[in-house]
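I opened my notebook to work through one chain from overall build to single residues. These are my entries, in the order I made them.

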Amino acid sequence: MKYVVILGDGMADRPIEELGGQTPLAYAKTPKMDELASKGEIGMLHTIPDGMKPGSDTANLSVLGYDPRKYYSGRSPLEALSIGVPMKETDIALRCNIVTLSEEEDAYEERTIIDHSSGEISTEECAVLLEAVKKELETDIYKFYVGTSYRHLLIWENGEVLDLVQPHDVLGQKIGPHLPQDAALREMMKKSYDILVNHPINLERKKKGQNPANSCWFWGAGTKPALFPFEEKTGKKGAMISAVDLLKGIAVGTDMKVIHVEGANGGLNTNYAGKAQAAVDVLTKDNYDFVYVHLEGPDEMGHQGSVEKKVQAIENLDGKIIRPIVEGLEAAGEDFRVVILPDHPTPICLRTHTADHVPYLLYDSTDVQEHSWHYNESEAEQSGNYIAEGHKMIDHLFAGG
């Protein structure tokens, strides 16, 4: 038996008036997910433990079977594992987003955060910008490391785990009240704006009508993680396919195989075909038992507040990831169980994460059911199936076969 998790990051949502009161998941044309729902099981899952912040860090740990209350030490340390940054026990890792701030105001504190992802800027462009920041601001205490797209890393020697604001939580707001209380971090953010605002790359981006990547934003502080190997925990040999350092870092920390797919960028136009084929290959050719396929697109479109693009991201997941993976395993003659789900909702109306329950879909190729279900939030709720602790989903997936 082969096992697959296909995760549409932030895919769940709330009813939207312009979609006739439907969620993007209900509105989107998802024939493959609906077919699997009619032959399998749907239900609701609580991925975020009560009292913890809703995020892809805690939620994806849950889905992989790691109780965040036990294993979570912060988001950025997981990303550090992916980037290959050696952390000391006394180091603190922080996410360093390169964001878009408004430029009309005189004072930094008066600026508004427009885009947490700087228009999903490429890694190549953003690496040049981060190098300019490093040249001016890096010290023996603060070290910058390049990640993917707008997502980078700051290591703070002998630092503190501070409560820092996630940039996607305050989109459209003046940044003053949300800046770090720590004077050094706040000053670095201010100086980064002065370094980046007139950088040639940003001047060119503005000429093209693109959002400039004009300021660092620090958040997600945490200590060196200590995760338990996935194969020892589950008895399954596992692999991870994702474009983002957070998921790759979780895989590194749990000794899963990290599969790098060229052109996978965490955006709407990622290399879907490459990710789907890599998933089929690792199960059928490399003899792995389990693969976790993570798609960032729905979450990014939720943060952007784009109904149309979020629907498109969900349809791409259905047609370009789920269909070829399922058909590839069927063609190879493999028995398999697949669970499809979001990690958390990213409602269009809020443009950030919530801790609401999420719908899951479980299909077993050896135990085909007959239902009238479609895969969406309301029908998953109506099913009556409910898993209260997200980290138990992996046991539910492995229970068959």
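Predicted model: local features only at pLDDT ≥ 70, side-chain atom pairs only at ≥ 80, totals over all residues.

Entry 1: Then I looked up helix 10, residues 245-253. How many of its nine residues are buried? I found eight, so helix 10 is mostly covered by the under 20% cut-off. The buried ones are Asp 245, Leu 246, Leu 247, Lys 248, Gly 249, Ile 250, Ala 251 and Gly 253. I wrote down that charged names such as Asp 245 and Lys 248 are on that buried list. After helix 10 comes Asp 255, and its phi is positive, near 60 degrees.

**Entry 2: the whole chain.** I stepped back next. The chain holds 15 helices and 13 strands. Its C-alpha atoms fill a box of roughly 65 × 45 × 40 Å along the principal axes. Buried residues make up 59% of the 401. I also looked up contacts with a separation of 6 or more: 75% of them join residues 24 or more positions apart.

**Entry 3: surface and charge.** The accessible surface comes to about 15600 Å². Carbon and sulfur atoms own 45% of that surface. I then looked up the charges: 39 are positive and 63 are negative. Their mean positions lie 3 Å apart.

**Entry 4: the cores.** Which residues touch the most other members of the largest nonpolar core? They are Phe 290, Ile 325 and Tyr 375, in a core of 79 residues. Helix 13, residues 307-331, gives the most to this core, with ten residues. Another core lies apart from it and has 37 residues, among them Cys 96, Ile 98, Tyr 142 and Leu 185.

**Entry 5: Ile 394.** I picked a residue in helix 15, which spans residues 393-398. Is Ile 394 buried or exposed? Its relative accessible area is 2%, so Ile 394 is buried. Setting aside residues up to four places away in sequence, Ile 394 touches Val 63, Leu 64, Gly 65 and Phe 290. I had already met Phe 290 in the largest nonpolar core. For a distance, I took Gly 274, which is 120 residues from Ile 394 along the chain. Their C-alpha atoms are separated by 25 Å.

**Entry 6: His 46.** This residue sits in the loop between strand 2 (41-45) and helix 3 (56-63). His 46 is in a loop, and with a relative accessible area of 12% it is buried. Beyond its neighbours within four places, His 46 is in contact with Ala 355, His 357, Tyr 386, Ile 387, Ala 388, Glu 389 and Gly 390.

**Entry 7: two asparagines.** Most residues other than glycine have a negative phi. Asn 158 has a positive phi of about 55 degrees. It lies in the loop between strand 6 (151-156) and helix 7 (183-196). Its relative accessibility is 55%, so Asn 158 counts as exposed. Asn 287 has a positive phi of about 65 degrees. Its loop runs between helix 11 (272-284) and strand 10 (290-295). Asn 287 is exposed too, at 58%.

Technical notes. Residues numbered from 1 in each chain as written. Heavy atoms only, no water. Helix = DSSP H or I, 4+ residues; strand = E, 2+ residues; numbered from the N terminus. Buried < 20%, exposed > 50% of the residue type's maximum accessible area, 1.4 Å probe, protein only. Contact = heavy atoms within 4.5 Å. Areas by Shrake-Rupley, 256 points an atom, 1.4 Å probe, with all protein chains shown as cover. Charge placed at Lys NZ, Arg CZ, Asp CG, Glu CD. Core = buried A, V, L, I, M, F, W, Y, C linked by side-chain atoms within 4.5 Å.
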